[in-house]
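Look at the sequence and the model below.

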Amino acid sequence: MSNDAVNTAAATPRTDAARVPADAGDAGYSKDLKPRHVNMIAIGGAIGTGLFLGAGGRLHDAGPALALAYLVCGVFAFFVVKALGELVLYRPSSGSFVSYAREFLGEKGAYVAGWMYFLNWSTTGIADITAIALYTHYWSLFTDIPQWVLALVALAVVLAVNLISVKIFGEMEFWFSIIKVATLVGFMLIGIFLLATQHKVGGQTPGMSVITDNGGVFPHGMMPVVLVMQGVIFAYAALELVGVAAGETAEPEKVVPRAVNSIMWRVGLFYVGSVVLLALLLPGSVYSADQSPFVTVLSKIGIPAAGDVMNLVVLTAAMSSLNSGLYSTGRILRSMAMAGSAPKFTARMNRSQVPYGGILLTCAVCVLGVGLNYLVPAQAFEIVLNIASLGIISTWVIIMICHLVFVRRAKEGLVDRPSFRLPGSPVTEITTIVFLLACLGMMWNDPEVGRKTLWLVPLIAAMLVAGWFGIRRRVSATADQELSQLTK
């Protein structure tokens with residue numbers, strides 16, 4: 001709806017507000033996602049390459065204090081998902097935060113939210129297919145195949161899965177998550193056994209002495225811990241998928257609270273617990289960005305084929321991320337297209353009730369990533385990863401702003417808050433927004449990559465403004481058409 005329409009809706013009595021129909025972009029979806037699918041999507045969103053691969057370089061830079069960084073970022077990530085979960089229970093929508101931005105911030109808010117999320121996942125998709133190609137090159141069987149060919153094959157496979165049906169997507173994510181969780185549990189059991197038995201790891205006895213004898217919790221001071229925050233935030237990206245998936249499950253009021261509430265202990269167990277174990281087993285200086293920290297530990301104790309197993313798991317995590325990105329952007333773009341702020345073809349659905357138009361648009365950007373793999377295979381991953389971080393931080397900030405407006409409307413008696421709530425409003429939302437913006441600002445301290453990424457902010461802002469002036473008449477016409485239908 002237009003801003004005028006939103007203001008009119010805000011001024012209506014509570015009884016009328018309750019009858020406001022769901023987002024037009026929600027029509028036509030199946031409800032084939034089962035509770036186990038949504039629960040495992042929540043787990044899969046919390047576990048990815050940021051832990052399996054990225055933790056190695058971050059442990060090297062920040063030392064054991066990385067666990068503190070994961071904990072702090074995890075708490076704020078939980079606040080974001082809790083706020084989104086409350087909005088979902090108020091009104092489930094496959095358009096998720098874009099639909100809520102439309103209701104509480106107007107069409108401009110929905111426009112910014114949707115395209116920044118698209119920026120996040122389309123560039124993350126490029127990073128994912130790049131990672132898949134790199135991980136596949138680990139095995140000699142694929143060494144001679146060009147990186148861009150492997151990237152294209154990976155994209156084609158995941159695209160096919162997404163276009164078949166949402167149930168197939170759910171099953172694929174379910175099993176991807178099972179593999180990731182089983183791997184982490186297996187490693188943690190091995191790590192606990194090594195600690196309990198004092199079995200030497202790489203010639204050193206594991207325990208607190210590994211930390212105290214190598215510079216303590218902050219071996220390089222506080223600044224490296226601060227600098228890794230932005231990367232840690234990106235490791236939690238995809239937690240918001242729970243909100244998108246809720247639009248295609250039969251009982252969101254039962255599934256979503258359970259999935260959201262379990263995220264906190266998963267963060268504590270899998271992220272913080274794993275990093276603490278890694279720090280107790282080997283000094284941070286032993287880990288590197290070039291190798292999974294789990295492979296580093298397992299290779300030090302002589303477990304055969306540790307590299308092969310972990311490489312397969314990291315490959316699975318990248319495939320899972322790509323799968324989720326195509327799924328979520330397809331739904332988000334359809335919600336936007338129905339309001340006139342995305343190309344019309346992204347609203348199209350196939351016979352399996354899959355919004356294939358939006359999925360294909362995301363794939364088109366990922367194909368550009370295949371070209372990037374062809375031109376600069378060494379730099380492709382780092383380039384797109386930093387651009388994606390701009391998208392995810394802006395998305396989370398918009399979710400919290402939407403929740404602030406939602407709570408204010410509830411106090412005015414215009415909407416009803418569900419019993420499942422984000423605690424501490426408005427302090428929680430404001431604190432989270434400040435923290436996320438601070439993480440963005442921290443990128444300036446990284447002159448090599450982070451500072452160059454921040455220079456893109458004015459360019460992205462200019463593109464968003466130009467795009468809005470290009471589509472505002474269509475958005476206004478669509479909103480007027482919706483209002484005329486409601487008043488008939």
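Which residue forms a salt bridge with Glu 86? The partner is Arg 417, and the closest N and O atoms are 2.6 Å apart. Keep in mind that this is a predicted model. Glu 86 sits in helix α6, while Arg 417 sits in the loop between α19 and α20, so the pair ties together parts that are 331 residues apart in sequence. Glu 86 has 0% relative accessibility, so this residue counts as buried.

In total, the structure holds three salt bridges. Side chains of opposite charge can pair when their charged atoms come close. Arg 91 and Glu 103 meet in one of these bridges, at 2.9 Å from N to O. Arg 91 belongs to the loop between α6 and α7, and Glu 103 to helix α7, so parts twelve residues apart in sequence are tied together. Arg 91 is buried, with a relative accessible area of 12%. Glu 107 forms a salt bridge with Arg 102, with 3.1 Å between the closest N and O atoms. Both Glu 107 and Arg 102 are buried.

Now find helix α5, residues 54–62. Its buried residues include Gly 56, Arg 58 and Leu 59. Gly 63 follows α5 and has a positive phi, near 75°.

Finally, turn to helices α10 and α15. They pack at an angle of about 35°, with their axes 10 Å apart. Their crossing is left-handed. Among the residues in contact are Phe 187 and Met 188 of α10, and Leu 269 and Phe 270 of α15. The contact of α10 with α15 has 14 nonpolar residues, three polar and no charged.

Methods. Residues numbered from 1 in each chain as written. Predicted model: local features only at pLDDT ≥ 70, side-chain atom pairs only at ≥ 80, totals over all residues. Heavy atoms only, no water. Axes fitted to C-alpha atoms, helices over the stretch in contact; angles between N-to-C directions. Helix = DSSP H or I, 4+ residues; strand = E, 2+ residues; numbered from the N terminus. Left-handed = near helix turned anticlockwise from the far one by under 90°. Contact = heavy atoms within 4.5 Å. Nonpolar A, V, L, I, M, F, W, Y, C, P; charged D, E, K, R; others polar. Buried < 20%, exposed > 50% of the residue type's maximum accessible area, 1.4 Å probe, protein only. Salt bridge = Lys/Arg side-chain N within 4 Å of Asp/Glu carboxyl O.
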